[in-house]
Number of protein chains: 2
Amino acid sequence: MKKHNFSAGPCILPQEVIKKSAEAVLNFNNSNLSLIEISHRSKDFVAVMDNACALALEHLNLQNKGYKALFLQGGASTQFLMAAYNLLEKKAAYLNTGTWSSKALKEAKLFGEVIEVASSKDKNFNYIPKNFNIPSDIDYFHCTSNNTIFGTQINSFPEVNAPLVCDMSSDIFSRELDFSKFDLIYAGAQKNMGPAGTTLVVVKEEILGKVSRNIPSMLDYKIHINSESMFNTPSVFAVYVSMLTLDWLKNLGGISAIEKINNKKADTIYTEIDRNPLFKGFAQKEDRSKMNATFTLVEGANQELFDGLWKAAGISGINGHRSVGGYRASMYNALPLESVQVLVEVMKEFERKS
Amino acid sequence: MKKHNFSAGPCILPQEVIKKSAEAVLNFNNSNLSLIEISHRSKDFVAVMDNACALALEHLNLQNKGYKALFLQGGASTQFLMAAYNLLEKKAAYLNTGTWSSKALKEAKLFGEVIEVASSKDKNFNYIPKNFNIPSDIDYFHCTSNNTIFGTQINSFPEVNAPLVCDMSSDIFSRELDFSKFDLIYAGAQKNMGPAGTTLVVVKEEILGKVSRNIPSMLDYKIHINSESMFNTPSVFAVYVSMLTLDWLKNLGGISAIEKINNKKADTIYTEIDRNPLFKGFAQKEDRSKMNATFTLVEGANQELFDGLWKAAGISGINGHRSVGGYRASMYNALPLESVQVLVEVMKEFERKS
């Protein structure tokens with residue numbers, strides 16, 4: 001039975017990427033060797049890393065603009081501390097829009113003064129704060145573009161007179177933005193890019209080298225840049241699959257093409273959430289995420305019936321995060337519109353049968 | 001044509017592990033979902049992580065002895081700094097037996113005083129220093145059990161009145177040792193355990209929590225222990241393949257069984273290096289590694305002829321590291337004895353044709 005995989009991450013990847021990945025595990029580039037048993041310094045794998053970095057910059061329209069792309073390890077959680085290690089001399093400003101922002105902020109506090117410019121914690125992070133003040137004497141400003149758990153997304157990024165740092169783990173490559181406004185972008189691969197195990201870092205070189213502390217080699221962006229993302233053995237398989245996914249996106253027409261599909265998916269699910277009297281959305285409408293739609297049943301609705309219906313339809317991964325409850329439909333780049341339509345049909349069926 | 005993969009790492013893995021890994025990428029546990037598109041918090045993957053950790057402790061005979069196993073990210077290079085971050089309050093002692101020891105030592109210096117108790121740098125690291133003094137007032141002693149680049153291996157570990165920390169990246173699970181003498185063992189997966197992208201850490205819990213500095217979450221062993229190696233999204237594929245490899249080793253009879261095979265492989269290659277007048281070994285005989293045999297051609301030997309012969313025999317990955325030159329035959333657990341025999345035949349043929 002066909003599965004409709006709404007998992008919040010690690011999540012659905014394009015079928016052709018999965019097939020090619022499995023083939024490479026058996027026989028990489030017709031070498032009669034597996035992708036996972038060759039040297040990362042081999043010509044064939046160096047080409048993979050170079051291609052993955054180039055594709056990332058190309059999709060973001062950041063080639064030849066002083067940016068470098070890196071595929072590191074440790075997830076966004078490691079970037080929480082690396083960003084501060086490399087950039088925080090005295091003071092940084094953070095926008096708190098949820099669990100991941102809060103964690104990033106907590107790690108940064110080990111390295112200097114951290115100003116929380118605004119927080120939506122008062123309403124369990126169901127909105128994006130606006131009209132906050134950002135101090136002028138900061139080393140950088142940090143925000144999280146999409147909040148997977150709460151289903152909110154920043155539509156308008158503030159103008160900042162300091163480096164703009166953004167955790168884009170859960171919506172990178174999903175929508176067009178002027179990425180040149182950002183100085184440091186990081187993203188765990190396991191949403192729109194690839195399997196868990198690698199993290200994309202895109203950094204404008206000119207912001208580095210300005211802190212006075214000594215930085216351990218593995219945490220130093222400059223060292224990774226100087227080694228072309230191969231300071232040590234990278235996460236070979238995860239980088240390869242990321243390259244395939246970035247290539248799949250390119251063949252599809254890039255971010256502008258996938259954004260149209262993502263808009264249609266989001267419109268489809270939110271229209272039904274708003275129409276169907278048995279459901280209510282969690283996030284405030286103007287801040288709704290196009291990647292993760294969070295919603296709950298209205299009081300008195302038959303949860304058992306609904307759960308039975310979506311399971312019977314081959315849907316998986318839509319249970320909400322414990323911080324919010326209810327349901328979360330994650331609609332990353334690789335999720336076909338058809339899967340959202342199946343979910344909406346199930347919601348309608350639930351209404352009829354209730 | 002069958003390949004004989006002597007790659008120094010990432011390196012050969014058991015064929016059955018590679019096949020099962022490729023199957024899981026297509027369809028994991030008959031779920032009709034790929035291993036790389038499911039939640040790491042799913043029941044099926046939590047079982048993988050638990051099993052991998054349990055198998056690691058079982059192989060090392062460290063169950064129920066106060067140790068925890070973790071599968072982290074960032075390679076041994078990240079452990080260089082994590083070990084110091086977690087354990088170095090004032091002073092640590094390091095044995096310098098090569099490139100990786102030197103790097104570990106360099107990172108530790110950012111966190112406290114580091115005593116180099118001995119070094120074999122004077123002879124390009126072709127031996128293991130012995131009879132050195134270890135200060136008594138240290139926080140820990142650090143050594144590298146096997147030196148991939150130079151082809152040396154520690155046979156006798158010093159008695160230390162402080163925690164014993166060991167980088168076993170390139171010989172873990174290859175030979176029987178009293179692992180309970182060690183307090184912190186770490187190993188990048190990409191030699192005897194799995195693909196690049198995860199790092200095994202085995203730590204005795206009682207040595208933790210004794211430094212006064214604040215440790216960033218991702219660098220704190222205690223936080224990873226408290227989260228059962230799932231503080232953040234782990235490197236799912238690499239952990240799964242590691243579990244399969246540890247299971248393969250168990251079915252084979254464990255470390256004691258593989259050690260017999262490894263001894264036979266090492267004996268086979270070193271006997272030929274010593275017998276054949278066209279080759280000379282690089283490492284001192286008593287310190288030779290059973291994982292990586294380093295050797296060069298004698299002056300005047302026909303390198304082109306030798307290179308042509310081994311390539312024609314399907315051998316790959318035996319070029320030496322640039323620090324040593326010549327050749328390096330890496331004979332990790334998954335390399336069959338047959339591959340070593342093929343290489344020895346080629347060395348004999350080279351002698352006949354020279």
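Before we start: residues count from 1 along each chain as its sequence is written, and chains are lettered from A in the order in which they are written. In this predicted model, local features need pLDDT of at least 70, side-chain atom pairs count only at pLDDT 80 or more, and totals for chains and interfaces use all residues, while side-chain values rest on heavy atoms, without hydrogens or water.

**Exercise 1. Describe the interface between chain B and chain A.**

Solution. Begin with contacts, meaning heavy atoms within 4.5 Å: 54 residues of chain B touch 55 residues of chain A.

Next, take the buried area, which is the accessible area (1.4 Å probe) that two parts lose on being put together, summed over both. Between chain B and chain A it is about 4000 Å², and carbon and sulfur atoms give 62% of that.

Then look at the polar side. The interface has 13 residue pairs in polar contact, both residues at pLDDT 80 or more. Such a contact is a pair of N or O atoms within 3.5 Å; within protein, one must be able to donate a hydrogen and the other to accept it, and residues adjacent in sequence count only if both atoms are side-chain atoms.

Finally, find the helices (DSSP runs of H or I, at least four residues, numbered from the N terminus). On the side of chain B that touches chain A, α1 (15-26), α3 (75-87), α4 (99-108) and α6 (236-252) of chain B each supply at least two residues. α1(B) gives the most, with seven residues.

**Exercise 2. Work out how the two copies are related.**

**Exercise 3. Locate salt bridges, between the chains and within chain A.**

Solution. Apply the rule: a side-chain nitrogen of Lys or Arg within 4 Å of a carboxyl oxygen of Asp or Glu. Over all chains there are 28 salt bridges, yet the count between chain B and chain A is zero.

One to find in chain A pairs Glu58(A) with Lys250(A), whose closest N and O atoms are 3.2 Å apart. Glu58(A) sits in helix α2 (residues 43-59) and Lys250(A) in helix α6 (residues 236-252), so this pair links distant parts of the chain, 192 residues apart.
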